[in-house]
Amino acid sequence: MSAATNTATEPVVRAVNVHKRFGALTVLRGIDLTVQPGQVTCLVGPSGSGKTTFLRCINHLEQVSAGRLYVDGTLVGYAERNGKLHELHPRDAAKQRRHIGMVFQHFNLFPHMTVLGNIVRAPMTVKKMPKDEAIEKARVLLRQVGLADKETAYPAQLSGGQQQRIAIARALAMDPKLMLFDEPTSALDPELVGEVLDVMRELAQGGMTMVVVTHEMGFAREVGDELVFMDEGVVVESGDPREVLANPQQQRTKAFLSKVL
Amino acid sequence: MSSTDLSRHTPDTAAEPRRDSPDYIKAVPLRHPGEWASAVVIVALLVLFLIGAATNSAYDWHTYGQYLFDKRVSQAAMITLLLTALAMIFAVILGVLLAVMRLSRNRVLKSVSWAFLWFFRGTPVYVQLVFWGLLAVIYKQVDLGIPYYHQYAHIQTGTFFSAFWLAVIGLSLNEAAYMAEIVRAGISSVNEGQYEAAKALGMSWGQTMRQIVMPQAMRVIIPPTGNELISMLKTTSLVTAVPYSFELYSRTRDLSSETFNPIPMLLIACTWYLFFTSVLMVGQYYLERHFARGASRTLSARQLRTLADAQLESGSGGAR
């Protein structure tokens with residue numbers, strides 16, 4: 001939490017009263033949240049609490065319905081001109097997303113490309129990085145996630161844990177300032193969870209700013225700088241993970257933690 | 001959970017793979033007498049048919065041999081190929097366009113695409129080709145310019161569109177309706193997560209479609225498109241409805257007025273069609289294999305060999 005108290009720096013994520021509605025259904029009812037540079041924020045809560053929706057709002061995979069969401073001081077998904085919000089052109093939305101890496105529950109690797117192809121695709125297409133440079137960078141990332149020997153494999157030939165580590169490398173290839181993780185270990189066999197969390201822990205130790213939707217309370221306790229407990233579209237309780245997990249203040253937090261711990 | 005939690009715990013006996021190679025099972029295979037009997041009967045019938053075909057004078061194999069490589073026939077075969085290729089190229093382009101229109105959010109685009117499919121799939125291609133042949137009767141000239149105000153150019157349909165191009169247009173518009181459905185099924189088969197992953201990486205819609213979605217959709221699109229191509233090759237025989245009569249079927253039929261026996265000429269047409277469809281089938285096999293990359297966990301023979309070599313090198317015969 002040391003970073004959070006330093007008010008001089010611009011937070012990487014600043015959510016102000018964020019609401020999200022899908023038709024008649026309101027999923028987020030006023031989220032306020034700040035993520036400082038280098039901070040790891042873990043979002044936990046029962047399914048349907050809106051944590052994944054909030055995560056998807058951060059890189060504009062979902063459009064915010066009310067309130068404001070800023071990444072690095074820039075409004076996400078809209079342009080504000082003369083007090084009016086204008087929808088962003090897809091081109092500009094894509095530009096905003098370049099700096100935000102995302103890792104999905106179901107990996108979403110590109111099945112028709114090799115591991116190396118998956119990693120070099122976006123830097124080459126989006127950043128116009130020369131092929132040699134992209135490949136060199138990809139190899140460094142593959143070593144970082146411990147899969148240097150898999151560059152010619154196709155995703156279907158890898159285990160879930162290996163696929164998710166490749167997905168992390170793919171996101172890192174774009175040099176993101178912020179990494180979003182949407183239940184990265186929920187689709188994995190129990191024995192494979194550890195290898196993915198290890199990579200994430202190293203990433204956090206390297207100073208990456210991360211927002212992680214997770215059910216891994218052990219990870220939240222050990223790596224997280226802040227734990228945010230959400231339920232029914234609001235933040236019920238947040239604070240130092242060790243504090244919140246050991247000594248929850250709210251009844252709903254207690255009820256949830258008693259089921260998962 | 002740290003990596004130390006993943007300590008391997010195996011019984012001591014299994015710790016070292018056994019070195020002595022096992023006696024691989026060589027069982028006596030099961031006999032299938034019924035299969036043998038039916039095979040003998042079918043082969044016998046086939047031989048009888050072939051002897052009959054060789055000796056039946058109605059087939060007139062002499063004329064068949066004489067005209068099979070006749071220049072007029074081989075030229076007509078080339079025209080059939082050209083018709084097929086042109087019609088298919090336009091059909092694919094228009095089909096992709098119609099599929100994207102059908103999948104767009106814009107209701108007008110959606111409806112237009114739907115109406116196109118409704119008409120061109122709902123009427124026989126033969127009837128459509130007759131209509132195209134009558135284009136010059138229905139629209140004598142086409143004016144380019146601002147309607148009711150100023151025309152820059154006048155195209156006389158009767159002279160501008162030859163029967164050949166009317167045939168190409170007729171075939172491709174009909175085929176586009178089918179291609180649109182095939183392409184739509186292909187695009188729809190790609191998981192939504194693929195779009196999201198590409199989007200999250202900052203790729204634009206066009207980049208996502210070209211590099212992520214279409215290559216994966218191809219695996220679904222290629223096999224039925226191959227069928228359509230083979231089907232198109234044969235459908236070209238209907239352009240006689242336009243009327244256009246320089247492709248393979250019409251040409252061989254017209255030549256039978258020279259031979260006074262249509263049967264060998266039909267056999268010649270069949271031979272050429274079969275030759276082309278066989279070539280196309282081989283091509284389709286390789287295309288499908290190309291676009292199946294990464295679709296299966298199954299390792300290729302080469303990959304299996306590499307793994308086996310690695311196993312030998314590490315000296316353990318018992319690893320997975």
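Reply: Helices here are DSSP runs of H or I with at least four residues, and strands are runs of E with at least two. On that basis chain A of this predicted model has 10 helices and 12 strands.

Me: What makes chain A as compact as a globular protein of its length?

Reply: The globule rule gives 18 Å for 261 residues, and the radius of gyration of chain A is 18 Å, close to that value, so the chain is as compact as a globular protein of that length. Along the principal axes, its C-alpha atoms fill a box of roughly 50 × 50 × 40 Å. Buried means under 20% relative accessible area, and 56% of the 261 residues of chain A count as such.

Me: How do you know which strands form the open sheet, and in what order?

Reply: Two strands pair if there are at least two bridges between them. Strand β1 (residues 13–22) of chain A is joined to β2(A) by 8 bridges, therefore the two meet that criterion. These two strands run antiparallel, and Val18(A) stands opposite Ile31(A) in β2(A). The 4 strands of the sheet follow the order β2-β1-β4-β5 in chain A, with antiparallel pairing.

Me: Why is one side of β2 and of β5 of chain A left without a neighbour in the sheet?

Reply: β2 (25–35) and β5 (74–75) of chain A stand at the edges, and each has a single partner strand, so one side of each has no neighbour in the sheet. Helix α2 (residues 51–58) of chain A packs on the sheet and touches β1, β2 and β4 (66–71) of that chain. The direction of helix α2 makes about 60° with that of β2(A).

Me: What makes a set of residues a nonpolar core?

Reply: Its members are buried residues of the listed nonpolar kinds, joined through side-chain atoms within 4.5 Å. The largest such core has 52 residues, and those with the most contacts inside it include Ile119(A), Phe181(A) and Met210(A). Helix α7 (residues 190–205) of chain A gives the largest share, 8 residues. A second, separate core of 39 residues includes Leu98(B) and Ile221(B).

Me: Why should residues 1–6 of chain A be read with caution?

Reply: Their pLDDT stays under 50. Where pLDDT is low, the predicted coordinates should not be read in detail. For chain A the mean pLDDT is 93, and 97% of the residues reach 70 or more.

Methods:
Residues are numbered from 1 along each chain as its sequence is written. Chains are lettered from A and ligands numbered from 1 in the order in which they are written. This is a predicted model: local features need pLDDT of at least 70, side-chain atom pairs count only at pLDDT 80 or more; totals for chains, interfaces and linings use all residues. Side-chain values use heavy atoms; hydrogens and water are left out. Contact means heavy atoms within 4.5 Å. Axes are lines fitted to C-alpha atoms, for helices over the stretch in contact, and angles run from 0 to 180 degrees between N-to-C directions. pLDDT is the predictor's confidence in each residue, from 0 to 100. Buried means under 20% relative accessible area, exposed over 50%, partly exposed in between (1.4 Å probe, protein chains only). The radius of gyration is taken over C-alpha atoms; the globule rule is 2.2 Å times the number of residues to the power 0.38.
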